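I opened a new notebook page for this structure. My entries follow the order in which I looked things up.

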Amino acid sequence: MEQLRESSILVIDDDNFILKIVNRMLSADLSFKTSLFTTLSGREGLEILKKEEIDLVLLDVNMPEIDGMEVLEEIRKIPSYASVPVIMMSAIIKPELEAEAFKRGATDFIHKPFTTDVIIGRMYHHLRFSYLQRSLHEEVKKQTALAEERLKANEQLFNETVMALAQTIDAKDQYTRGHSLRVAKYSRSISRISGDSEEEQQNVFYAGLLHDIGKIGINEQIINKHSKLTDEEYETIKTHPTIGWQILSLIKINPTLSIGAHYHHERYDGKGYPEGLKGDQIPRLARIICVADTYDSMTSKRSYRDCLPQEVVKEQMEKGIGSQFDPLFAKIMLKMIEMDTGYRMRADLN
Ligand SMILES: [Fe+2]
């Protein structure tokens with residue numbers, strides 16, 4: 001027989017003779033080690049179960065005071081004993097009795113008198129099965145914890161990589177330090193207030209962080225130019241959504257990332273770029289980012305002007321409802337402006 005770890009066995013039988021026989025049988029069998037607990041009373045048996053860590057119970061059906069069926073039911077109510085093997089014993093050969101025992105959660109049923117081979121064989125079989133079940137359960141738990149840990153590490157890596165990329169984008173433009181993170185935060189707030197799920201809010205946040213990634217492909221001199229852009233330079237700037245979309249399309253695991261970059265300069269009235277999409281044709285996430293992006297541009301210092309006063313920002317947002325902006329998201333942004341009584345939502349304070 002395969003060697004098992006030392007098992008604790010509890011025998012509950014009002015017949016002292018049975019307790020002695022089981023004790024003798026187990027001591028004679030050297031194939032597996034056991035610690036034996038015996039008791040003549042069902043109530044005391046339940047007390048032992050609570051105090052000790054029992055691996056298998058041999059339980060007599062007919063006992064005074066509280067019988068084996070009731071004891072069995074009580075055992076199954078204890079969470080840690082929900083699947084511990086319980087072998088019922090009885091001298092009465094009645095199929096209904098056996099059926100009742102199984103219905104109440106018995107693992108096996110043995111008829112008295114029994115031989116050493118039968119009792120040892122059955123006990124060994126159930127202990128081994130229960131041991132394998134426990135090992136499997138522990139292994140599944142271990143593997144699940146490991147997988148969760150890896151997932152967490154991956155999420156952290158993704159988060160930190162996106163943050164680092166966002167800083168790279170902002171570092172190209174001396175006037176837009178922190179712009180990407182602020183746009184991401186405002187976009188997430190709009191998404192949350194509009195009733196999006198946690199996952200949608202997170203997607204909006206990441207797409208907001210990377211919306212201007214295409215600027216990596218634009219000449220720094222054009223991006224940082226103090227004087228008015230020539231038509232040609234403006235056309236060059238206008239290519240950043242397409243460049244951003246091409247870059248982010250490489251990230252197949254999160255296709256929403258590229259949507260923000262591609263469509264954040266579309267306008268609700270169809271007069272935006274690069275595709276000239278109109279209204280609901282523009283992906284929802286991009287309509288959110290467009291509002292947040294414009295808000296942050298107005299509340300940031302530029303080479304040609306200071307941060308605009310809050311009243312002016314509010315007016316511009318109102319003016320853009322239905323033309324530049326999706327009315328729903330622009331109104332949410334206006335609500336956020338209204339709540340921001342100290343005018344904290346601006347670049348020099350964030
Ligand atoms: Fe942009």
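Predicted model: local features only at pLDDT ≥ 70, side-chain atom pairs only at ≥ 80, totals over all residues.

**Entry 1**

Residues are numbered from 1 along each chain as its sequence is written. Helices (H or I, at least four residues) and strands (E, at least two) are DSSP runs, numbered from the N terminus.

I then followed strand S1 (residues 7-12) against S3. They pair in the parallel sense over four bridges; two strands count as paired if DSSP finds at least two bridges between them. Leu10 stands opposite Val57 in S3. Ile9 has Leu56 in S3 as its bridge partner.

Next I looked at S1 and S2. They run parallel and are joined by six bridges. Leu10 turns up again here, with Phe37 in S2 as its bridge partner.

On the S4 side, S3 pairs with strand S4 (residues 86-90) in the parallel sense, over four bridges. Leu58 has Ile87 in S4 as its bridge partner. The chain crosses from S3 through H3 to S4, and this β-α-β crossover is right-handed. The term means that, with the strands pointing away from the viewer, the path from the first strand over the helix to the second runs clockwise.

**Entry 1: the whole sheet**

In what order do the strands stand? The open sheet has five strands, in the order S2-S1-S3-S4-S5, with parallel pairing. Strand S2 (34-39) and S5 are at the edges with a single partner strand each, so one side of each has no neighbour in the sheet. The twist averages 20° from one strand to the next. Axes here are lines fitted to C-alpha atoms, for helices over the stretch in contact, and angles run from 0 to 180 degrees between N-to-C directions.

I checked burial next. A residue is buried if 20 or more other C-beta atoms lie within 10 Å of its own, exposed if 12 or fewer, and partly exposed in between, with C-beta atoms placed from the backbone. Five of the five residues of S3 are buried, so S3 is largely enclosed by the rest of the structure. Leu56, Leu58 and Asp60 are buried on one side of S3, and Val57 and Leu59 on the other. For S1, five of the six residues are buried, so S1 is also largely enclosed by the rest of the structure.

Helix H2 (residues 42-51) lies across S1 and S2, and runs at about 165° to S1.

How far apart are the centres of domain 1 and domain 2? I took the bounds from the domain assignment, an automatic or database one: domain 1 (7-142) and domain 2 (173-349). Their C-alpha centres lie 69 Å apart.

Then I turned to helix H6 (residues 179-193). At 1.5 Å a residue its 15 residues should span 21 Å, and the end C-alpha atoms are 21 Å apart, which agrees. The expected span is 1.5 Å times one less than the number of residues. Of the 15 residues of H6, 11 are buried, so H6 is largely enclosed by the rest of the structure. Among them are His179, Val183, Tyr186 and Ile190. The cover over the buried residues of H6 includes H5, helix H7 (198-209), H12 and H14. Contact means that C-beta atoms, placed from the backbone, lie within 7 Å. Just after H6, Gly195 takes a positive phi of about 95°.

I listed two cis peptide bonds. One joins Lys112 and Pro113, with omega about -5°. Pro113 is in the loop between strand S5 (108-111) and helix H5 (116-172). Another joins Tyr273 and Pro274, with omega about 5°. Pro274 lies in the loop between helix H11 (256-263) and helix H12 (284-298).

Glu65 is not a glycine, yet has a positive phi of about 65°. Its place is the loop between strand S3 (56-60) and helix H3 (68-77). Is Glu65 buried or exposed? Glu65 counts as exposed, with 11 C-beta neighbours inside 10 Å.

Tyr343, also not a glycine, has a positive phi of about 50°. Tyr343 is in the segment after helix H14 (327-339). With 14 other C-beta atoms within 10 Å, Tyr343 is partly exposed.

Conventions
Contact = placed C-beta atoms within 7 Å.
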